[in-house]
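Please read this briefing beside the sequence and the 3D view shown below. The lead sentences come first, and the points after them are grouped by topic.

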Amino acid sequence: MTDLQPERSETGVQRPGLVLLALWFGFGGGAAEVTVRLLRRFVRHRFMFLSDDVIWMGPVMVTILLLVAGSLLWMFQRRRARPLDDLLLPLFLAIATLGVLISYPRLHWSADAILALGIAYQGTRMIRRRRLAFERLVYRTVPILIGLVLLSTAGLYATRWWVSRRDRSSPAPDAPNVLLIILDTVRGLDFKGGSLVDAYLPRLARRAEQGVRFDLAFSASSWTLPSHASLFTGRWPAEHRANWSSPLDNRFPTLAEVLANHGYATAGFVANTSYASRETGLGRGFQHYRDYEFGPGEFFRSSAILQMIGQDLGLRRIIGWHQILGRKNADRINRQALDWLGHNQHRPFFVFLNYLDAHAPYLPPAPFDSALRALPGASGRDQERRFRSTWQRKLPPGPIMLENRVAYAASLAYLDDRVNRLLDSLDTRGLLANTLVILGADHGEEFGEHDAMGHGHNVFRTTVQVPLMIWRPGETPGRVTMPVTLRDIPATVMSVTGLGSSSPFPGRSLLDPMPDSVRSELVWVPGLPPDYGVGDGDQVSWIVDSIRVIARIGGTKAAFPVYSDPFEGGREAPIR
């Protein structure tokens, strides 16, 4: 066979050509991958970390992969007499089977590949013995497979449209807007134990002088999902139980739900598509929620095989690319939020923004990366080493610590500039005059203070003390030195919006007069996954007056003075 056109088989039935076989195996294999991922999500309680659009992106991407592989095979064997579909069958069957096996990761990818080849070999033999039946099956079921995918996609988009268009009660005409900004992975302490805001967020520090700034603000957990869940529900992690494999369920109302039911237009724009996506339950109550980006990166990730290839650190090192697939930077978050606000000013709004630019791998854009590029020996290889060491959560040797600190500081500089630009744009549009702005972080980051890197493995202040600033129209600027918890943000919003009397959230308003002492106000239960290389199991922390206690569940306790030991038995971030 010398072209891509199908030929007649010995039975007189036209053999499926490259395109038809790619559609059949692509939509069939892609749908099987999506089904397996959904089963892992709902039966084994494992997040997919993929957009809901995978229900159509997956089949389309697998089909494209097969078309590319089939075209290369055709170019290789075009001068041979063997029919093309005889070669396509084992190739397509092996690729489709491998994708399904990788979607349910139980074995090493090499074992999955061997198993897929064995299945393809046996499957091809069975198909050839029943060639006519198979050819008829392909012709009859391709439209059905495509139709099922289209029908599922239509249902998905219809549901989103219905959620965004539901009628709500009318809010008070002078109800204030609410803007909640969360800087993912931004700690409250700098590398010497002082204020990170003053050291690395100068623009936001100047803005903080116009509002209320909190010097000792603590998140509800040392990693993203339980911390955000507490931000939205006002409940401690031990209450809402959102965890590594458990989404936020519907036992407690969220801030977005309550405000939407009082007539607010609600929208969320998140860059952390792993643990702040709609899949985690954090999108509940938002009429518009932008998590995964519709683009090449998300298409690439929708195929299990391509996602595995894209995550290979060795390949990343070879091609010099270390960014997270589909990652959204602050510029994109700003554009999405401002575009939505430009079309939704007919009623008070609640907008939630999540910025991921300070999260590992720390890869600040130019010109903010100038200090990183100026380091001796800094190169793509060093970026790879930083990427690898950061995600292993181990204290790296040699100069990597310095590179990580410099890269983190540069990422903060970019974030400081872009968030300040967003606030300037809102001010220019006249939207800040009647807007409650809350700016905080979901957790911090360790840089070797306790012989580890990253977050989620302990509840020391490096991972749970965060910046917190609040601007309210007519609010007298001030500074709060008492410890506070971001769990009180929902109660604060309800109080400022005048809905406090109907608030379902526990806690107190952060803008009310501070109590004389804090007792048992701050608690975290991180719930560490078993594959973490650091950490000592689940931990709890609380403050009694000026003493902070850390307890390991079923283990030891330690107490530290809040005002004189910022590293809590650790040390200034070392460089070694």
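P367 is found in the loop between β5 and α15, where helices (H or I, at least four residues) and strands (E, at least two) are DSSP runs numbered from the N terminus. This is a predicted model, in which local features need pLDDT of at least 70 and side-chain atom pairs count only at pLDDT 80 or more, while totals for chains, interfaces and linings use all residues. Residues are numbered from 1 along each chain as its sequence is written, and side-chain values use heavy atoms, with hydrogens and water left out.

**Overall make-up**

- The secondary structure of the protein comes to 19 helices and 14 strands.
- Of the 576 residues in the protein, 55% are buried, where buried means under 20% relative accessible area, exposed over 50% and partly exposed in between (1.4 Å probe, protein chains only).
- Among contacts between residues at least 6 apart in sequence, 73% join residues at least 24 apart, a contact being heavy atoms within 4.5 Å.

**Backbone features in loops**

- The peptide bond from A366 to P367 is cis, with omega near 0 degrees.
- A cis peptide bond also joins A360 and P361, with omega about 0 degrees, and P361 is found in the loop between β5 and α15.
- F49, in the loop between α1 (18-42) and α2 (54-77), has a phi near 55 degrees, a positive value in a residue other than glycine, and at 26% relative accessibility F49 counts as partly exposed.
- R241 is found in the loop between α9 and α10 and has a positive phi of about 60 degrees although it is not a glycine; at 56% relative accessibility, R241 counts as exposed.

**Helix α4**

- Helix α4 (residues 109-129) has 21 residues and reaches 30 Å from its first C-alpha to its last, close to the 30 Å expected at 1.5 Å a residue, the expected span being 1.5 Å times one less than the number of residues.
- The buried residues in α4 are D112, A116, A120, G123, T124 and I127.
- Seen down the axis of α4, these buried residues fall within an arc of 110 degrees, so they line one face of the helix; the arc is that of the directions from the helix axis to the C-beta atoms.
- On the face of α4 turned away from its buried side are the exposed residues I114, L117, Y121 and R129.

**Helix α8 and its surroundings**

- In helix α8 (residues 224-233), 10 of the 10 residues are buried, so α8 is largely enclosed by the rest of the structure.
- The buried residues of α8 pack against β1, α9 (237-240), α10, β5 (349-355) and α19 (489-496).
- Just after α8, G234 takes a positive phi of about 75 degrees.

**L183 in strand β1**

- L183 is found in strand β1 (residues 177-183) and is buried, with a relative accessible area of 0%.
- Although L183 and L353 are 170 residues apart along the chain, their C-alpha atoms are separated by 8.3 Å.
- Leaving aside neighbours within four places in sequence, the residues in contact with L183 include L204, Y355, L415 and V419.
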